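Please have a look at it before I go on.

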Amino acid sequence: MKFVVRLHAEITIKSRSVRKRYGKVLTNNLRKILAPIDDSVYAKWLWDRIEVSADGDDSEVRNQIKEVLQNTPGISWFAEVIEQPLTDFDAIAELVGEHWLQRLPGKTFAMRVKRKGHHEFNSQQLERYIGGYLLQRVPDASVNLSKPDLEIALQITNKVVHLVGERINGLGGFPIPTQETVLSLLSGGFDSGVATYEFIRRGARTHFCFFNLGGDAHEVAVRQIAYYLWKRYSASHPIKFISVDFAPIVDDILTNVENGQMGVVLKRQMLRAADKVARYVKAQALVTGEALGQVSSQTLANLRVIDQATGALVLRPLITKDKQEIVDEAKRIGTEPLAKSIPEYCGVISNKPTVKAIPAVIEAEEAKLNKDLIDQVVQASNVLSMQDIATQTDKELELPDTTTELKSHTTIIDIRNDEEIEAAPLSVDVEVIEIPFFKLATQFAELDQSREYLLYCDQGIMSRMQALLLHENGYSNVSVYKP
């Protein structure tokens, strides 16, 4: 099997040297990600395109290749190429019909033929022949050479016919790491996940910084989102997940800062800590999911004062987005089911938060804080790579593959949120109880420890991480249910 991959348009208009560099970076990224799929998969850089090929015709390998090509930054579109020896017009028309007839009803199309080598016919003759063949079989289709709904591309190279299948859109953007490294402040909500994706898609190696306000369960949940974003969109490069226990900072603020100024002070402390983490991972900027006016701390006046806490460049790709736009984007990239399961962990709650912070007032409040605390929490932070998270989880847990492994003394714990459970209730022959993942750490100890427990969630990642967390807390009677 073979696929032709086209670079994003913004890459193709760059200078020759930049285009060459971007193309080779993208090719190398594809080689890294595709290598585990099959030993025969290979990506080749050909200036105007990248060709990805694999031996055989295995449908699972084909689908895995397609998934990688759809989710790798830098690709405009790709299509599978079907090859067969050149014989006669009828054989070529049948090949085109086999792959395109079902898509033509009610559509306009254009047949495009290109040739290399010497042939007894020209491209226009073959285009007309195939076009007539298709129109005879799909009467409600029509030809439109200027703006067709579908373009059918055929290339003949000497004695080989290459039919280009349906185009599948890629992510666009730039390959990683053609842009400089950034550090994303990932909270686990809709906004920060989407903001992170935007910079991954734009070609920036994006590390994760998490300020833990909700304990181990909160960290496990956010770790899941970080792992998902890395695995799906940026697995070509190693990424770090830095978790900073911010509870001491929050306690310091609650004890010493005037109520109305707490939110702005907390954000400033986060930026100060993130600046230190950014230096560790050599990031050139900080990325946040803040949107203008979404909450009290996100007015222009407050954001200006917050940014004054650090000399780091703070980037906010969602600054003009509506909340619903952000949620819709989270659904499209796949983080929405994870993000909506995570409850809000508010570090500080002001009764009447300021919407127009005054620098002198904020600085006076901050003078009451422990100046050494930021350095202490950053130095004590937990640093993991995405590979560490995957390896650690897989090594710790043995997952049952089928429902035949369910036993009478087994109880399944459904850790999904209420909406997910209602949409797709779990139907099995053993006891099922429902405990949201963020309550599991505290409620598991109250269960009958003589039984075996299997955790269940739709994607399997959250259940694995929660099981790992319970193992670390000394519970060996828990694993993961995988239908």
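Let me begin with a question: is Asn29 buried or exposed? In this model, which is a predicted one, Asn29 has a relative accessible area of 3%, and because the cut-off for buried is under 20%, Asn29 counts as buried. Asn29 sits in helix H2, which runs over residues 16–34, and its side chain reaches the backbone oxygen of Ile176 at 2.6 Å. Leaving aside residues up to four places away in sequence, Asn29 touches Pro175, Ile176, Ser236 and His237.

Let me turn now to the sheet. Here 6 strands form an open sheet, in the order E14-E13-E10-E11-E12-E15, with mixed pairing. Its edge strands are E14 (314–315) and E15 (382–385), each of which pairs on one side only. Within the sheet, strand E10 (residues 179–185) pairs with strand E11 (residues 204–212) in the parallel sense over 5 bridges, and Leu185 stands opposite Cys209 in E11.

Finally, the salt bridges, of which the count comes to 23. One of them joins Arg316 to Glu290, with the closest N and O atoms 2.4 Å apart. Arg316 lies in the loop between E14 and helix H11, and Glu290 in the loop between strand E13 and helix H10, so the pair ties together parts that are 26 residues apart in sequence. Arg316 is buried, at a relative accessible area of 14%, and Glu290, at 7%, counts as buried too.

Technical notes. Residues are numbered from 1 along each chain as its sequence is written. This is a predicted model: local features need pLDDT of at least 70, side-chain atom pairs count only at pLDDT 80 or more; totals for chains, interfaces and linings use all residues. Side-chain values use heavy atoms; hydrogens and water are left out. Helices (H or I, at least four residues) and strands (E, at least two) are DSSP runs, numbered from the N terminus. Buried means under 20% relative accessible area, exposed over 50%, partly exposed in between (1.4 Å probe, protein chains only). A polar contact is a pair of N or O atoms within 3.5 Å; within protein, one must be able to donate a hydrogen and the other to accept it, and residues adjacent in sequence count only if both atoms are side-chain atoms. Contact means heavy atoms within 4.5 Å. Two strands pair if DSSP finds at least two bridges between them. A salt bridge is a side-chain nitrogen of Lys or Arg within 4 Å of a carboxyl oxygen of Asp or Glu.
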